Amino acid sequence: MNDVHTTERSVPTRASDLRSRGLRWAALIALSVGGLALGESVGLTAAGLFSALIVAATLAVTGRGPSRVPRPLGKLAQGVLASAVGLMVHRDTIAALGSMWVPVVSIAAATLVLSVAAGALLALHRDVDAVTGSLAMTAGGATGLVAMARELGGDDRIVAVVQYLRVALVVVSMPMIVTFGFRADTGAETVTTTDGGGSEWYVSLPVLALFIVGGTAVASLVRLPAPATLGPLAVSAGVELGGWSDAVTVPPMLMTAALILIGWQAGLAFDRAIGRILPYAALLTLLVGAACAGLGVLLSHLTGASLLEAYLATTPGGLAAVLAVSASTASNVTFVAAAQVLRLVIMLVTTPLMAKAFAHFSSRRRRA
């Protein structure tokens with residue numbers, strides 16, 4: 001008899017749980033879409049990701065959000081973002097560097113060293129481990145690094161907050177520095193060219209699926225860290241450089257959905273303890289930004305580019321905003337884009353390897 005009553009009570013309980021979960025997801029989706037619309041109306045870079053991160057973190061802290069993003073959806077979002085980056089590695093963009101590729105790569109390597117040093121300093125905080133510190137302070141590839149943080153054993157909450165703190169500081173400060181520091185005219189008219197806008201979505205989607213599924217499978221077989229990111233990145237970049245992509249593009253709605261998923265993934269794991277890290281992380285971020293500006297001066301000296309172009313080429317983040325400002329000031333957009341994309345790819349490829357090495361080194365020290 002008791003078993004019958006228990007079964008009868010469990011049915012409405014399950015229904016109530018399902019209804020509660022449905023309402024939590026509905027609130028998350030509705031508020032994120034509202035934040036996306038608001039962000040886009042004011043010209044916010046990566047508005048979908050920022051709105052999703054803020055909304056998910058708020059709901060998580062107040063206990064009103066879903067527990068987590070399903071793992072397959074998170075991996076799919078990683079693959080979409082990685083494929084988008086890989087498709088940016090055009091042959092003509094890389095060729096545009098010409099004889100300047102050696103100093104540009106050297107400056108990118110120096111930026112990587114600065115990021116590693118800043119990550120090591122952040123890891124001195126009691127709430128941050130070595131892997132999380134290295135991922136959080138890497139100057140470039142914010143969305144990709146947040147996407148792969150959990151897979152590499154890092155705390156994706158901290159990585160997300162610090163990475164987007166860096167992007168926000170860059171996006172806010174760059175127009176003021178360009179306008180008042182360089183006295184640049186940001187009202188210049190530019191001429192843009194298009195290649196037809198890429199293939200139709202129904203052509204691009206199957207190709208992107210091959211990039212994501214095939215790239216992830218191959219990267220897993222060869223035991224690359226973060227295979228869901230590095231695999232699609234390598235495959236899509238190889239196809240693009242080989243000239244076989246036929247102008248395949250990531251549909252804007254798919255990219256927005258991927259950014260929202262990444263924002264949710266990090267935001268839903270948020271807690272109040274992250275606030276203790278922010279002042280320390282903000283100081284390190286400002287120091288890295290200042291050091292990158294110094295590298296810009298060196299790049300200008302080595303390549304003959306103007307100080308403004310070198311500054312834009314070495315700005316640590318906010319690729320879309322950098323290119324927009326570059327175009328509005330009639331700077332050499334091709335040079336700036338090539339340097340930024342090259343640095344972005346270097347960061348996304350090398351940072352997971354370094355993070356894995358840091359984790360191995362830290363575990364050996366603990367055992368000793």
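**Cavity and helix packing**

Author: The residues lining the largest cavity divide into six nonpolar, two polar and one charged, where Ala, Val, Leu, Ile, Met, Phe, Trp, Tyr, Cys and Pro count as nonpolar, Asp, Glu, Lys and Arg as charged, and the others, Gly among them, as polar. This is a predicted model, in which local features need pLDDT of at least 70 and side-chain atom pairs count only at pLDDT 80 or more, while totals for chains, interfaces and linings use all residues. Residues are numbered from 1 along each chain as its sequence is written, and side-chain values use heavy atoms, with hydrogens and water left out.

Reader: What volume does the largest cavity have?

Author: Its volume is about 50 Å³, and the structure holds one cavity of 30 Å³ or more. On a 1 Å grid over the protein atoms alone, a cavity is a set of points where a 1.4 Å probe fits but cannot get out, and lining residues have an atom within 4 Å of a point. Grid points are joined across faces, edges and corners, and the volume is the space filled by probe spheres set on the points.

Reader: Which residues line the largest cavity?

Author: The lining consists of Val104, Ile107, Ala108, Thr111, Leu299, Ala313, Thr314, Ala339 and Arg343. Helix α5 gives the most, with four residues, and α5, α13 (307–314) and α15 (333–367) each supply at least two. Helices here are DSSP runs (H or I, at least four residues), numbered from the N terminus.

Reader: Staying with α5, at what angle does α5 cross α12?

Author: The axes of α5 (residues 101–122) and α12 (residues 278–303) cross at roughly 165 degrees and come within 10 Å, which makes the two helices roughly antiparallel. Axes are lines fitted to C-alpha atoms over the stretch in contact, and angles run from 0 to 180 degrees between N-to-C directions; angles over 145 degrees count as roughly antiparallel, under 35 as roughly parallel, 65 to 115 as roughly perpendicular and the rest as oblique.

Reader: And what is the make-up of that contact by class?

Author: The contact of α5 with α12 has 18 nonpolar, two polar and no charged residues, contact meaning heavy atoms within 4.5 Å.

Reader: New topic: how is α11 placed against α3, oblique or parallel?

Author: Helix α3 (residues 71–86) and α11 pack at an angle of about 130 degrees with their axes 9 Å apart, and the two are therefore oblique to each other. Among the residues that meet are Leu73, Gly74 and Ala77 in α3 and Leu254, Met255 and Ala258 in α11. By class, this contact has 11 nonpolar, three polar and no charged residues.

Reader: What about α7 and α11?

Author: Helix α7 (residues 142–149) and α11 (residues 252–267) have axes that come within 10 Å and cross at roughly 50 degrees, so they are oblique to each other. Thr143, Val146 and Ala147 of α7 make the contact with Leu259, Ile262, Gln265 and Ala266 of α11.

Key
On a 1 Å grid over the protein atoms alone, a cavity is a set of points where a 1.4 Å probe fits but cannot get out, and a pocket is an open set with protein on both sides within 12 Å along at least five of seven lines; lining residues have an atom within 4 Å of a point.
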